[in-house]
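The points below are grouped by topic and can be followed alongside the sequence and the model.

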Amino acid sequence: MRHKTFLWFFLPTGLAMLLFIALPIVSVVTQSIFAPHPAVLIEVESCTPLVGCTTETTIDQDATAALRAEKPLGRFVGLDIYFDRGHLAVTEFGEIWASSDSWGDMFKELGNLPFYRAMAFTLTFVAVVTPLTIVLGLVIALAVNSLHRHLKGLMIFFSLLPMIVPPIIGSLILFWMADSRGIIGSALIAMAGDPDFSLKASTGLMWIALLVYGVWHAAPFAFVVFYAGLQTLPSDQLEAAQIDGATRWQQVKFVVVPHLMPLVTFVALIQLMDNFKVFEPIIGFNAQAHAHSLSSFIFNDLGGETRQLSSASATSVITIIGVAILLSPVLVRTWRDFKGAR
Amino acid sequence: MFLKKIALAGSMAAFAASAGYACEIGARVSIVGNEFAAIQAVGAAAQECTGAEVESNLTSEHQTINVAGLSGNPSEYTTAIIANSSIVALMNEDVVRPLNDLVAKHGDGLQKSQLIKIGDDIMAVAFMANAQHLMYRKDVLEQAGVAVPTTYEEMLDVAEAIRSQGIMQNPVGGAYKAGWNLAQEFNNMFLGYGGTHFKPGSAEPNINTEAGVNALNMMKALSEYMNPDFLTHDSNATNAEYRAGNVAILNMWGSRASQQTTTEGVLEEVAAGHAIAAPLTVGGGSIPASTLWWDGWAVGKNISDEEAEATFIAMKHGISPAMLNDETSPLAVWLIEGYQPTEAAQGVFAAAQMGTPPYPMLPYMGLMHSALGNELADFMQGKESAEQALADVEAAYRAAAIEKGFLQ
């Protein structure tokens, strides 16, 4: 295709990408390197019911408005917010690095810093859920594909249910089941023989519950993609393999999986991105005592009584960078294929 | 529930009509606020006004939308129903207007104590007071042969008595959900031990103190008598446990008192045994380990004068003495003229009489509250010491306060 033609074809998409992807990124980057002006505080007498009048500190709005009018973006802080304790915690990291004697010590102390604790959970979630989703999705796809055609529609519907249920509802249902008065919770209490046993009070069990939820919720997506891929599998290849005496396992390993490989890459790509941004189950499971992710930090920053826009923006930028790092191997491969194709 | 609301609105409309309180407004009114029963009643009464549309969006997520909803020009909402904690966020962002002119023009009938004054400016009009105080099952305490506690130390004894006699496994209830609720329980206990959140006259944190450590240790001791899932229980979940008869004693919001016995599905023995009392003191202190709150409304800044005036008239109508009746009176401790306290109000009044401190109305208190909510769960799970948890809170608060320009 000539470059000029390509340009005209690409223009609408390019404009949409500029508007909906590039500009928001520029906006969060800008917000993350600016912070609100220093607050001008004054002491005033404030009167409230049942208490009477007391001296309270408040913000001098006129002085603050003047500061804002002069520099509407706020004060420039550079990367300060990225490096503060709520994010990369550079100073604290340095102190821990210098003071801890062993790796175990260091990881324990790092777990006290919100960013690193969130990363520990997020990366575990990504590393466990992504491969399990792919394997489970493939198994379901193969199983459904081998069913009698009258059963297929029904099974596809049921297999898709976890994806049809909105994530927050799905996690809430599981959360209630896991409650110490719910069906899973009381079963666990009976099995453990300890009336104080609680899944929600244990960080380890809570992580497992979140991981199980993650796989449960995402497997249908992988299943649908692989099932569609299976419909394009040429039957002569399978027949040839059967004539050669391949077992069912060998057929899957040497014929089916290689055929589906591009789809595996696709599912892995989407899942890596989604899992890195894990959010709904943490909220749905009320798991903030045990697990955090970058997305739940953004939620906290914006949901508190005092909104922290700069902090939320910095976390957003870190999320974008994190996703880019996770996807880099796949992106590099795609780039190589592209170069090779030319 | 739905029928009840209709009946409530209907009876109030009839009452207002018969009393002859007319309400004419000339511009739009749009309300955002929390969704508990007392605020529903205020919103419904404001909607009786005629002449222009009165919209209301009452939701438990009000606090995440009210700043944005008052920021545009003209803004989506013309008024926000707020409490002493949430008005700070609105004042920090400068999205609410002083009401002095409107009070002078239309303020007859409002009591002086209802006007929230910051310096010379009236920033809000309060209509109800709230505080956390003791609720308990008198039948269970009698069965266990213990007296009603007045301190948290006695509450531990009561809990031990109930557990050891096998009456209930986890007799203590508490809204200890990690986040806002857990932080609020810490605030209560910390103030009860005589702590102050900030060094005098500055935004420097001051919680890693003896009072802070004592407060955390007391919370930990109480949590031993709670449902093991306590870090996931907010007020709603805690009350559900109480109404299901699983909990005998708890520190709970006064605004929930009247609903403990009237909510659908509450057990008969709970309804019969429910009782309320003053908030508890702790550590030999004289002021209760609780905080005093008010709920009121503020008027947006980014609206026309006509809209501000209409909003003031409608909201004043919403909290006029005419809205008080048998249905609405028990819903809250109203600050409205002519309010006759009901049984359910005695806990909050006791809190006020005992000198319960008001929730700190400081520009940086919201950041402290968030930091407490995020960092205390580790201690409650036994993962770190009280000192470490409090040091973490201070560090997290400091980072946030530097970002927002409260600290250098």
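Two residues are in contact if their C-beta atoms, placed from the backbone, lie within 7 Å. The model described here is predicted.

**Strands between and within the chains**

- Strand β2 (residues 41–48) of chain A is joined to β4(B) by two bridges, and the two strands run antiparallel.
- Across this pairing, Ser46(A) stands opposite Ile118(B), a residue of β4(B).
- Within chain B, β4(B) also pairs with β5(B) in the antiparallel sense, over four bridges, and here Leu115(B) stands opposite Val125(B) in β5(B).
- The strands β4(B) and β5(B) form a hairpin with two residues between them, and Gly119(B) in the turn has a positive phi of about 65°.

**Thr57(A) and its surroundings**

- Thr57(A) lies in strand β3 (residues 52–59) of chain A, and this residue counts as buried because 21 C-beta neighbours lie inside 10 Å, where 20 or more are required.
- Leaving aside its neighbours within four places in sequence, Thr57(A) is in contact with Leu41(A) and Glu43(A) of chain A, and with Leu362(B) and Pro363(B) of chain B.
- Thr57(A) and Ser46(A) are 11 residues apart along the chain, and their C-alpha atoms are separated by 8.9 Å.

**Domains of chain B**

- The domain assignment of chain B gives domain 1 (2–130 + 293–351) and domain 2 (132–291 + 357–403), and the C-alpha centres of these two domains lie 29 Å apart.
- The contact between them takes 20 residues from domain 1 of chain B and 22 residues from domain 2 of chain B.
- On the side of domain 1 of chain B that touches domain 2 of chain B, the elements giving two or more residues are α2 (37–46), α4 and α13 (346–353) of chain B, and α13(B) gives the most, with five residues.
- By class, this side of domain 1 of chain B has 14 nonpolar, six polar and no charged residues.

**Domains and a helix of chain A**

- Chain A is divided into domain 1 (38–75), domain 2 (77–112) and domain 3 (117–341), and 48 Å separate the centres of domain 1 and domain 3 of chain A, taken over C-alpha atoms.
- Helix α10 (residues 203–230) of chain A has 28 residues and reaches 39 Å from its first C-alpha to its last, which is close to the 40 Å expected at 1.5 Å a residue.
- A kink of about 35° lies in α10(A) at Ala218(A), shortly before the proline Pro220(A).

How values were computed: Residues numbered from 1 in each chain as written. Chains lettered and ligands numbered in written order. Predicted model: local features only at pLDDT ≥ 70, side-chain atom pairs only at ≥ 80, totals over all residues. Expected span 1.5 Å × (residues − 1). Bend = angle between axes of the 7 residues up to and from the residue. Pairing = 2+ DSSP bridges. Domains from an automatic or database assignment. Nonpolar A, V, L, I, M, F, W, Y, C, P; charged D, E, K, R; others polar. Buried ≥ 20, exposed ≤ 12 C-beta atoms within 10 Å, placed from the backbone.
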